[in-house]
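This briefing covers the spaces inside one protein model and the ligand that goes with it. Please look over the sequence and the structure first.

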Amino acid sequence: MNIAIITGASVGIGRATAEAFMADGYQVHNLSRRPCPAPGVHNLCCDLSSTASIDLACKSLEAAIVGARSVALVHNASQMLKDSAASCDSDALRRVLETNVVAINTLNQKLLPHLPRSSSVIYVGSTLSEKAVPGSFSYVVSKHAQLGMMRATCQDLMGSGLHTTLVCPGFTDTEMLRTHLGDDPGVERLFAEMNSFGRLIDPTEIAELIRWAHHNPVINGSVLHANLGQKES
Ligand SMILES: NC(=O)c1ccc[n+]([C@@H]2O[C@H](COP(=O)([O-])OP(=O)(O)OC[C@H]3O[C@@H](n4cnc5c(N)ncnc54)[C@H](OP(=O)(O)O)[C@@H]3O)[C@@H](O)[C@H]2O)c1
């Protein structure tokens, strides 16, 4: 049995990734507060900002992994706030880091010892893992932290038979982006025009890259940008 464990598969990129692995015959487990609507997905209702909630989910996951041939552990869920270096208070920063960084660490601590060789740990970062824009302070901090986690994971798991990568989407048509953009079609057009193809990315395009990354250990330790070629301005 091959297994995919995906955080935040209730909507967006996570949901598309769940569907991609289901199509390959994987047993898929989703960790989010809302269920994944794709039929056949095992939903573990989990609030990633709570260590107790993650611990509970991991009890089921540890049992599910026993005897698995390969596991794709996909750290996809993230929170995005609008804030800045001058306006982000430390409690808000702590909350974002809890979901976007600490939860990943908790899942790794619980699950890595149980992953068989040929498994992968795939982090979903962002273009903002390697650059910053104004007005997304806590998100930029957490996405840079995910880059460090991926690189350290690669070094620490040398020889384990596991591989890791950071998939960095550009502007992808999901709930997160739509919340950030608001309802103005003019703003949507502006964002779409920031890449070479003049459109938003479909979540299935990122899901396909995640699926591919799981099957190709040659990319171990690398950053995979998936943004249709963003303008540098
Ligand atoms: N969309 C883009 O343009 C874009 C660009 C660059 C990077 N990314 C990255 O891609 C990944 C997926 O983003 P998306 O655009 O698909 O976002 P999305 O549509 O907003 O989905 C976010 C997912 O994260 C889950 N989540 C958030 N907080 C959670 C919590 N406390 N506990 C459990 N689950 C939680 C949500 O589940 P529930 O609400 O059901 O709990 C949801 O399934 C993120 O890491 C994001 O940073 C996206």
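Start with the largest cavity: Thr-7, Leu-48, His-75, Asn-76, Ala-77, Thr-99, Ala-103, Ile-104 and Leu-107 line it. The model is predicted. The ligand takes up another kind of space, the largest pocket.

**The cavity**

- The count comes to 1 cavity of 30 Å³ or more.
- The largest cavity has a volume of about 40 Å³.
- Helix H3, residues 90–111, gives the largest share of its lining, with 4 residues.
- By class, the lining of the largest cavity holds 5 nonpolar residues, 4 polar ones and no charged ones.
- Asn-76 lines the largest cavity, and Asn-76 is also among the closest residues to the ligand.

**The ligand and its shell**

- The ligand is surrounded by 31 residues.
- The closest of them are Ser-10, Arg-33, Asn-76, Tyr-139 and Thr-174.
- Three helices each supply at least two residues of this shell: H1 (12–23), H4 (137–156) and H5 (175–181).
- H5 gives the largest share of the shell, 3 residues.
- The shell divides into 12 nonpolar, 14 polar and 5 charged residues.

**Polar contacts and burial of the ligand**

- The side chain of Ser-10 places an N or O atom 2.7 Å from an oxygen atom of the ligand.
- Asp-47 has a polar side-chain atom 3.0 Å from a nitrogen atom of the ligand.
- Met-176 takes part through its backbone: an N or O atom there lies 3.3 Å from a ligand oxygen atom.
- The ligand taken alone exposes 880 Å², and the protein buries 95% of that area.

**The largest pocket**

- The space taken by the ligand is the largest pocket.
- This pocket has a volume of about 1200 Å³.
- It is lined by 46 residues, and those closest to its centre are Ser-78, Met-80, Tyr-139, Met-176 and Leu-177.
- H1, strand E2 (27–32), H4 and H5 each give two or more residues to the lining of the largest pocket.
- The largest share of that lining, 5 residues, comes from H5.
- The pocket lining has 18 nonpolar, 21 polar and 7 charged residues.

**Residues and elements to follow across the topics**

- Tyr-139 is one of the closest residues to the ligand and one of those closest to the centre of the largest pocket.
- Met-176 has a backbone N or O atom 3.3 Å from a ligand oxygen atom, and Met-176 is likewise among the residues closest to the pocket centre.
- Which helix gives the largest share of the shell around the ligand? H5 does, with 3 residues, and H5 also gives the largest share of the pocket lining.

Technical notes: Residues are numbered from 1 along each chain as its sequence is written. This is a predicted model: local features need pLDDT of at least 70, side-chain atom pairs count only at pLDDT 80 or more; totals for chains, interfaces and linings use all residues. Side-chain values use heavy atoms; hydrogens and water are left out. A residue is near a molecule or strand if one of its heavy atoms lies within 4 Å of it. A polar contact is a pair of N or O atoms within 3.5 Å; within protein, one must be able to donate a hydrogen and the other to accept it, and residues adjacent in sequence count only if both atoms are side-chain atoms. Accessible areas come from the Shrake-Rupley method with a 1.4 Å probe; for residues, only the protein chains shown count as cover. On a 1 Å grid over the protein atoms alone, a cavity is a set of points where a 1.4 Å probe fits but cannot get out, and a pocket is an open set with protein on both sides within 12 Å along at least five of seven lines; lining residues have an atom within 4 Å of a point. A molecule sits in a cavity or pocket if more than half of its atoms lie within 2 Å of its grid points. Ala, Val, Leu, Ile, Met, Phe, Trp, Tyr, Cys and Pro count as nonpolar, Asp, Glu, Lys and Arg as charged, and the others, Gly among them, as polar. Grid points are joined across faces, edges and corners, and a volume is the space filled by probe spheres set on the points.
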